[in-house]
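Let's take a friendly look at how one protein chain is put together. Keep the sequence and the 3D view at hand as you read.

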Amino acid sequence: MRHVELKVSTASQGGHAVVSVYGEVDLYTAPRLQAELASLVRDGAGRVVVDLSGVEFCDSTGMNVLLSAMKRLREHGGTLELAAPRPAVRRILQVTGLDTVFSVHDALPALEGT
Amino acid sequence: MAVRHPIAESWQPPPNDSAGPMNEMKFTAEQLPGVRRFAEEHARRYKVDDGLIGDLVIAVNEIATNAVRHGSDHAELRMWAEDGRVIAEIHDSGTWYLSAAPGATPPPPEAEGGMGIWVARQICSAVSISTGDSGTVVRLELSSTARRYV
């Protein structure tokens, strides 16, 4: 059985962070993304952009991880935005109705100071 | 007359005469990528429209996730084609204590969790759940050519 890895990496500058995600987000891999976002919340990140261009699939578990991180960031005046979702990810955003909850950019936005 | 189990009573054994051969795979949480590949490959084999294959994969993955998350560590996916539809059944050995109509209404706008069955209902033409002491079966039906949710 092919095992699909999820890779998550963060580039931070000032209070801004871009989280790049590669692979498939599901029940088994979502904790990896959750841990990365939780660490940004702990560090008091202001603006977090999640670059989804490398995500081939994301299920509702992954959506919940993103939603939960967005709520926690907002509690401290921060934001979480999604960028460059592929069609499969756009579809789960649409079917869950979360496309109206998240701020979704078609392409990765340029962050101030970068 | 033998006492019939609730599952046996409400669940007609697949496939009937008009259906193609049934295919199945056992899986655990770690093997959910394999479940998605299996669903995609069988959707292609059953001539599901290209634009609907992704939806089928999403729905099957959501219910398969529920099975290994809430039902039992080991679960099974069965798929077959029947009368222009694709049927996917997900079997686990847990008992689901059902609310009146799970997934019949959307979760609150920012609810966390409980989304899987709602997502499946948005995508599928029919979702049926049979649960009892010996396990839970969720049956998903999708038209091979018509998208229900736009």
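In this predicted model, chain A has five strands that form an open sheet with mixed pairing, in the order β1-β2-β3-β4-β5. Strands (E, at least two residues) and helices (H or I, at least four) are DSSP runs, numbered from the N terminus, and two strands pair if DSSP finds at least two bridges between them. At the edges stand β1 and β5 of chain A, each with a single partner strand, so one side of each has no neighbour in the sheet. On average, neighbouring strands are turned by 25 degrees against each other, direction ignored; axes are lines fitted to C-alpha atoms, for helices over the stretch in contact, and angles run from 0 to 180 degrees between N-to-C directions.

Look next at β3 and β4 of chain A, which run parallel and are joined by five bridges. In β4(A), Ala83(A) is the bridge partner of Asp51(A). Helix α2 of chain A packs on the sheet, touching β2, β3 and β4 of chain A, and its direction makes about 145 degrees with that of β4(A). Contact means heavy atoms within 4.5 Å.

Here are some elements to find:

| Element | Residues |
|---|---|
| β3 (chain A) | residues 47-58 |
| β4 (chain A) | residues 79-83 |
| α2 (chain A) | residues 60-75 |
| α1 (chain A) | residues 30-42 |

Just after α1(A), Gly44(A) takes a positive phi of about 75 degrees.

Residues are numbered from 1 along each chain as its sequence is written, and chains are lettered from A and ligands numbered from 1 in the order in which they are written. Local features need pLDDT of at least 70, side-chain atom pairs count only at pLDDT 80 or more, and totals for chains, interfaces and linings use all residues, while side-chain values use heavy atoms, with hydrogens and water left out.

Notes: The expected span of a helix is 1.5 Å times one less than its number of residues.
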